[in-house]
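Dear colleague,

Please read them alongside the coordinates.

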Amino acid sequence: MNHTRPDDIDTSDLVLDVRTLPTFAFSHRSLMWWSTTGLMLIEGTVFAIAVIMYFYLRTRAPAWPMAADAPGLLWGSLNTAVLIASLWPNQLAKNAAERGERRKAAIWLVVCLVASLAFLVIRGFEFASLNVSWYANAYGSVVWLLLGLHTTHLITDTIDTAVLTVLLFTGPFEGKRLVDVSENALYWYFVVLTWLPIYAVIYWAARL
Amino acid sequence: MSNEPNAPSLVDGPHASPEVRAALAATWSDPPGFIGMLCAVNHKTIARRFIVTTFVFFLLAGLLALVMRAQLARADQRLIGPNLYNELFTMHGTTMMFLFAVPVMQAVATFLVPLMIGARSIAFPRVNAYAYWVFLFGGLLLFASLAVNTAPNAGWFSYVPLAGPDYSPNKGADIWAQMITFTELSGLLEAVVLITTIFKLRAPGMSLNRMPLFVWATLVTQFMVIFAMPAVMLCSTALILDRLVGTHFYNPAKGGDVLLWQHLFWFFGHPEVYLIFIPPLGFISSIIPTFARRPMFGYPAMVLSLIATAFLAFGLWVHHMFATNIPELGKSFFTAASLMIAIPSAIQIFCWIGTLWTGKLNLRVPLLFVLAFFFILVMGGMTGIMVASVPLDLQVHDTYFVVAHLHYVLLGGAVFPLFGAFYYWFPKFAGRMLGERLGKWQFWLFFIGFNVTFFPMHLLGLEGMPRRVWTYPHGLGWDAMNMTATIGAYVIALSVLLFIVNVVQSARSQVPARADPWGAGTLEWSVPSPPPPHNFDAIPVVHGRDPLWEPSAQPRFVAGLAADAREVLVTSVLDAQPDHRPLFPRPSIWPFVSAVATTVLFIGSIYTPWAIVWASLPVAVAMILWFWPSRSENRVALEREQSP
């Protein structure tokens, strides 16, 4: 522990002086990383259990999808492309934040928000092309549950990102907001990457 | 607070001047007044409220049990009707499990963990406050439903199809499902708060292998919360969707499946038993070394056993479903897993016995409760081995044998150690000692009352008395044992009453407790009873597992954290090396307002699905205002900012 120095008041006691430590830090050093990770574990578990529900109900069904066509591929596949593409401005925002470039981070967040506007609109078309309603049968219920759960994440992540972007432009600003941008980017990765198995289940498991 | 930009900042350290101590206390205090009360974020303030709230729910659920026992005291009794009886056992189980046993453990942890690891605060103090308010409002919703006579009545695990739209047409099952949403939201947030606190806010030098065992138990439990609670949130959400918007998750006529409910519920429900049971293992591992007056024997084995128990707990859920049509091979697997959990439990019991055997016993009330735990939990464990085997389980399924088993495990495993913990840490909670004489009376009445109540239930179950019956005819040979059980229940009530008398007496007493009345070894005993708002005048540097029992090594304290701002020391995960010193948020009204908005959303959704849409707007607004930094906070932060 290299912060040790003799105490001014009582020379018989050594103390651990922490005055020179930084006031914020990135990645797993920060508390925000741990809370974001905790939320990702919780929500990842929710997604995993919802996928298990899908396959459990499928084992009980004589035919799958039940009395419906498989969902149309166009909008879901397009949205997958948009979501994956949004990882690029997302990573650039993260890089800018970790280099301490507030303005650049803010601009890349704006690009992320444009992408989120696109995927939210396309998500509307996805619901319309599921070819089943939630009240038709258990297949419809679980497909709507999966898509609904993921859409909730898209909406909340969009709102989070929008608030953070406004804060970067208007202030009051301090260094730890750069950590927030970095953790926001981590969560964005989570929302995009969890989509891939859900996409596979909704659109392709129904075709197997 | 003196936040003038030009004033030289006050910093903490050992031998701090009275001025620095006063500044620390003022910085970390909650604001005065009624509004200040709603803004409070100090972890001790919130935890005290949380503990008292859960204890009130414990008393209410206990009163419901007394009514049930009065009804069952004699055959053909007509004290209450069958529907009210259904509501009573549903409310009793639901309250005890969701509003008392799980949250009380988190509540105690949010009080003790920062003190045990040498921190000034819990991580995310505002989230902690929000989680408390959400929990409180969820509990109030459940009891409000009983008051207006629409309480849930389908049992504490709310099985479908009974709880589905066809067989439970009133609002009770919806209220049950949303109560789950409230309490599990609160529990999950507390899990994130506690994990972050334990990993990142430990005093320098408190590497993972020096953490007190209670902190280990809390850490393991919170990871279990993270993986278990999502299952129950999802299955109760699916239930309410079936009931409100016509989905068919549990409707076999439309491809749904009722056993899906049981799988999802027990995938949560069995780990839940360990959410209730593992924190008390931590209480016991704190109490035994203190009263055996020696360090804990077998620390690494204890930690590994806790972790093993947590893993095994997720492989047991099907043993609640042996009476369903799942494959026989599957049942054998779950029997084996259920028996296997005896191994880590036994390792811990042997380590405790080893510690007691080689120590010098100080037979005070906390230790009495722990010794009773051994007796009762071993009994409950034995019947657990019995019901883990399929043929025996089929014989006693849905009888009073199961009621006896689960009360032996839950009261023996959780409530006895919890009372021990109340006696042990009461000086930290309240600054006073609880009376020893009254404590012994309470203990013996509780121990005897408990066995008189629940032991006959084993026999009642073997004689075929089913659970959840509101009355029974003469001549089945059940009368005497039921009367005995009822008498025992009132003895337990008397014992709990004595506890309350003891608390009131000690609260009115003028004798303050000393900092370390028991001669214990962990950090919470190094600060006054009750601790000041900032917990530690100077953050200790830790050199061993029982810092107060070991010769002091240098350096002993941290110096240089701000006394006039909420600055905390963050350390590294494994070795607790000092890393950085962020500012923590001040008290705020927004967690409370957000919790109110969340409550409107959850309760509104019971009546119209559109509430999910319109009521999420105030939630979003309140949370954005919660997050938005104030100019004055920002100024303080910028003054002391140092980039990594």
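In helix α2 of chain A, the residues A:Trp75, A:Gly76, A:Asn79 and A:Leu83 are buried, where buried means 20 or more other C-beta atoms within 10 Å of the residue's own, exposed means 12 or fewer, partly exposed lies in between, and C-beta atoms are placed from the backbone. These four cover an arc of only 95° around the axis, and so they sit on the same side of α2(A); the arc is that of the directions from the helix axis to the C-beta atoms. On the other side of α2(A), A:Leu73, A:Leu74, A:Ser77 and A:Ala81 are exposed. The buried residues pack against α4 (102-128) and α6 (176-204) of chain A.

Before going further, please note that this is a predicted model, in which local features need pLDDT of at least 70 and side-chain atom pairs count only at pLDDT 80 or more, while totals for chains, interfaces and linings use all residues. Residues are numbered from 1 along each chain as its sequence is written, and chains are lettered from A and ligands numbered from 1 in the order in which they are written.

Chain A as a whole has six helices and two strands, arranged from the N terminus as β-β-α-α-α-α-α-α; helices (H or I, at least four residues) and strands (E, at least two) are DSSP runs, numbered from the N terminus. Its C-alpha trace spans about 80 × 35 × 25 Å along the principal axes, and of its 208 residues 42% count as buried.

As for the interface, 58 residues of chain B are in contact with 50 residues of chain A, contact meaning that the C-beta atoms, placed from the backbone, lie within 7 Å. On the chain B side, the largest share, seven residues, comes from α6(B). Strand β2 (residues 14-17) of chain A runs parallel to β1(B) and is joined to that strand by three bridges, two strands being paired if DSSP finds at least two bridges between them. Within this pairing, A:Leu16 stands opposite B:Val558.

Finally, in chain B, B:Tyr472 lies in the loop between α15 (436-462) and α16 (479-508) and is partly exposed, with 18 other C-beta atoms within 10 Å. Leaving aside neighbours within four places in sequence, B:Tyr472 is in contact with B:Ala75, B:Met465 and B:Trp478. B:Leu72 is 400 residues away from B:Tyr472 in sequence, yet their C-alpha atoms are 8.0 Å apart.

With best wishes

How values were computed. Contact = placed C-beta atoms within 7 Å.
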